[in-house]
Amino acid sequence: MREREAESRAGQSLRSFCRDKACGAPHLVKAQQLKNRWLVDFETAGGLYTVAVDQGGNTAISVWDKNSPR
């Protein structure tokens, strides 16, 4: 899987995840390949999201609170 396909699958997964939530419009921040999967980062007004995309096209979303202390 190439970067463009991973970004596309991640965006579809995030839109589906945010359908019933007030996530805000996602903005692609970056994508990076780690071994056999892609990590695609998005930013919205309500939070930061990382979508892991494996070679089979499966996705998993992690949500990061923008307002938490670092």
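This is a predicted model: local features need pLDDT of at least 70, side-chain atom pairs count only at pLDDT 80 or more; totals for chains, interfaces and linings use all residues.
User: Hey, what share of the contacts with a separation of 6 or more comes from residues 24 or more positions apart?
Analyst: In this chain they account for 30%, where a contact means heavy atoms within 4.5 Å. Residues are numbered from 1 along each chain as its sequence is written, and side-chain values use heavy atoms, leaving out hydrogens and water.

User: Which cysteines form it?
Analyst: Cysteine 18 and cysteine 23, with their sulfur atoms 2.2 Å apart. The torsion about their S-S bond is about -90°, so the disulfide is left-handed.

User: And is cysteine 18 buried or exposed?
Analyst: Cysteine 18 counts as buried, at 12% relative accessibility. Cysteine 23 is buried too, with a relative accessible area of 3%. Buried means under 20% relative accessible area, exposed over 50%, and partly exposed in between (1.4 Å probe, protein chains only).

User: What percentage of the 70 residues is buried?
Analyst: Buried residues make up 31% of them.

User: New topic! What pattern does the chain follow along the sequence?
Analyst: The pattern is α-β-β-β-β, from 1 helix and 4 strands. Both are DSSP runs numbered from the N terminus: helices are H or I with at least four residues, strands are E with at least two.

User: Last one: what does the C-alpha trace span along its principal axes?
Analyst: About 30 × 30 × 15 Å.

Definitions and conventions: A disulfide is a pair of cysteine sulfur atoms within 2.5 Å.
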